[in-house]
Amino acid sequence: MYQTVKGWLKTSGRIFVNEEGQEVLLRGMGVANWLNPEGFLFGGAPFGGVMGRFARSAEFDRGRTMDQFITELCGPSYQKKFWSEWEKRYFAEEDIRAMKDQGFNSVRLPLDARLILREEPGYQFNEEHLAMLDHYLDLCEQYGLYVIIDLHAACAGQSAVSCDNGVDNQPHLFLDEEGADRTVRLWEELAARWADRWIIAGYDLLNEPIALPMFDYLVPELKKFYDRLVTAIRAVDQRHILFIQGNRFAGRLDIFDHDYDPEYHNWAITTHCYETFPDLALFGPILAKSEERNVPVWMGECGGSDPKNPAAGNAWMAAFFESLMEYHISYNIWCAKALDGVDAAYTFSFAGPEPQGWQQVVDYCQKGGAKPGYAKAIAIFDELLENIRFENCTEQKDRVAVMLRRPGICVPASAYDTDSEHRGSWPYALFCGFRREDRMHLVYEPGYVPNDLGGLAMMNPNPVKYGDWPHIWLQLDEGDAASYSVREAEKEVPVRLQICGAAGAKIRVSADGIVLYEGGVPAGEKPEPLDVGTANAGERVVVTVEAVNGSVIFKEIEFI
């Protein structure tokens with residue numbers, strides 16, 4: 001179900017299927033920072049630039065400004081050489097092989113329109129760049145990774161933030177007629193060239209259009225543009241899935257009020273999500289809209305991370321990605337590779353250049369500091385080019401495990417399965433609002449003072465990433481139960497709980513109906529490790545924890 005790469009994909013009601021009618025749940029990575037570099041992943045500038053009513057592109061925050069500063073620092077000849085080497089080294093055959101070996105079955109390739117359709121009068125396509133893209137499609141086909149073509153930076157800019165690589169933070173695609181015309185022409189060209197490429201799962205038409213609320217008045221223009229664009233693509237390509245995003249960083253669903261592909265009905269609602277509580281408050285509206293339109297959902301960008309507390313980011317991902325699988329939502333994680341330590345859910349990281357030298361580059365770009373000089377600047381960027389090679393990167397194996405929900409993970413007790421047995425007798429819900437629909441008895445860690453105050457969280461002078469969520473535990477009262485899944489267990493899986501309870505409290509732990517443990521728990525108020533047995537191997541192993549006597553405080557379950 002999860003890794004089948006076999007012939008053309010299409011939609012069938014609310015799922016994706018292959019040519020044999022088998023469901024395919026896409027689980028993939030996005031190649032961020034490759035053809036559309038972003039300052040926050042590069043280590044040069046924070047995300048978004050100045051999100052004001054009008055702002056020119058900022059220092060070293062996107063490809064355009066990186067061009068400018070690399071030229072100033074290293075010279076125009078080096079700048080062209082640098083990007084040529086960057087493209088070859090940042091995402092190479094070894095990276096594609098690694099994605100497949102890790103267990104992902106798809107990859108999202110973010111494109112920059114200016115690299116394909118030259119920013120000159122008329123329609124002049126960069127054949128060298130297109131040949132390079134064909135080469136990567138061949139590699140993905142060789143290794144068995146479905147490709148989603150993502151127009152991350154459309155002609156003229158569609159998002160009004162730095163990720164669209166526009167000349168300023170304005171959504172010119174919807175303000176300027178020429179930008180819209182050129183984007184349609186670009187997609188017509190790509191669709192005509194790739195109409196027969198089965199390895200392409202589909203086309204992600206626009207990344208995060210109209211991202212900021214101040215531009216919501218342009219949403220009607222977005223809907224008209226999608227209708228026009230779909231018509232143009234379907235004139236030359238009737239087989240590929242069309243992935244369509246809403247406004248507000250692909251978080252709003254309002255635009256999905258009609259069938260965008262009425263003749264072929266081969267499209268998917270595409271949304272993005274970062275670090276929102278993984279419960280029905282998030283998924284409910286998405287699932288309802290999917291049912292209303294009878295199309296699948298693709299979570300085209302998602303991921304959790306916390307450089308200050310990596311365990312919290314991993315715990316969120318363990319909860320989030322399992323929920324996606326249970327709801328049959330395909331997903332793509334942002335991103336495959338990034339500078340070590342940045343706030344993103346990368347699976348491979350690279351080191352920056354020698355810290356003192358790189359800081360001088362950043363200070364020059366952002367503050368007008370002393371220029372390093374050509375020779376030193378070239379040495380700094382050469383070092384970066386060496387560091388991004390696959391063999392010099394570090395794999396984040398713990399992240400891969402939680403992204404794919406494999407053995408080797410710790411799952412918060414509050415992140416129980418939604419489609420397996422769970423029952424609670426608690427009539428209330430936490431003030432923070434997590435999973436309030438289930439009436440499970442969620443409690444705060446003893447001694448913890450809640451940091452976020454519901455609707456007053458915006459007034460918190462010291463906000464913490466993920467808020468109170470990492471400090472939420474589960475109390476199982478007598479008769480209550482919760483279940484937890486681990487996927488793709490190729491051999492038996494030892495199970496360990498972090499749990500405690502009053503004297504005489506007892507639990508029963510079973511795996512797929514087989515009792516692993518029945519007995520007491522460590523006494524006290526602080527959870528302690530309790531090894532409860534070994535579950536059998538399986539594609540999906542479901543472990544259920546039930547309180548059979550008294551109450552217990554349950555912090556997490558570990559699949560060793």
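Predicted model: local features only at pLDDT ≥ 70, side-chain atom pairs only at ≥ 80, totals over all residues.
Reader: Why is Asn266 called buried?

Author: Its relative accessibility is 6%, and buried means under 20%, so Asn266 counts as buried. Asn266 lies in the loop between helix 9 (247-250) and strand 8 (267-273), and, leaving aside residues up to four places away in sequence, Asn266 touches Lys10, Thr11, Arg234, Arg239, His240, Ile241, Leu242 and Asp261.

Reader: What makes helix 14 mostly covered?

Author: Of the eight residues in helix 14 (residues 397-404), six are buried, namely Arg399, Val400, Ala401, Val402, Met403 and Leu404. Helix 14 is followed by Arg405, which has a positive phi, near 55 degrees.

Reader: Why are helix 3 and helix 13 called roughly parallel to each other?

Author: Helix 3 (residues 76-90) and helix 13 (residues 374-387) pack at an angle of about 15 degrees, and their axes are 10 Å apart; angles under 35 degrees count as roughly parallel, and therefore the two helices are described in that way. Helix 3 passes helix 13 in a left-handed crossing, and the residues that meet there include Tyr78, Phe82 and Trp86 in helix 3, with Ile378, Phe381 and Leu385 among those in helix 13.

Reader: How do you know that strand 3 and strand 4 pair, and in which sense?

Author: Two strands pair if there are at least two bridges between them, and strand 3 (residues 27-30) is joined to strand 4 (residues 106-112) over three bridges in the parallel sense. One of the bridge partners in strand 4 is Val107, which belongs with Met29.

Reader: Which strands make up the closed barrel?

Author: The closed barrel has eight strands in the order 3-4-5-6-7-8-9-10, with parallel pairing, and the twist from one strand to the next averages 25 degrees. Helix 8 (residues 219-234) packs on the sheet, where it touches strand 6 (200-204) and strand 7 (241-245), and the direction of helix 8 makes about 165 degrees with that of strand 7.

Reader: How do you know that strand 22 pairs with strand 17 and with strand 19?

Author: Against the requirement of at least two bridges, strand 17 (residues 481-489) and strand 22 (residues 538-549) have eight, in the antiparallel sense, with Arg487 bridged to Arg540. Strand 19 (residues 506-511) is joined to strand 22 by six bridges, again antiparallel, and Val509 stands opposite Val545.

Conventions:
Residues numbered from 1 in each chain as written. Heavy atoms only, no water. Helix = DSSP H or I, 4+ residues; strand = E, 2+ residues; numbered from the N terminus. Buried < 20%, exposed > 50% of the residue type's maximum accessible area, 1.4 Å probe, protein only. Contact = heavy atoms within 4.5 Å. Axes fitted to C-alpha atoms, helices over the stretch in contact; angles between N-to-C directions. Parallel < 35°, antiparallel > 145°, perpendicular 65-115°, else oblique. Left-handed = near helix turned anticlockwise from the far one by under 90°.
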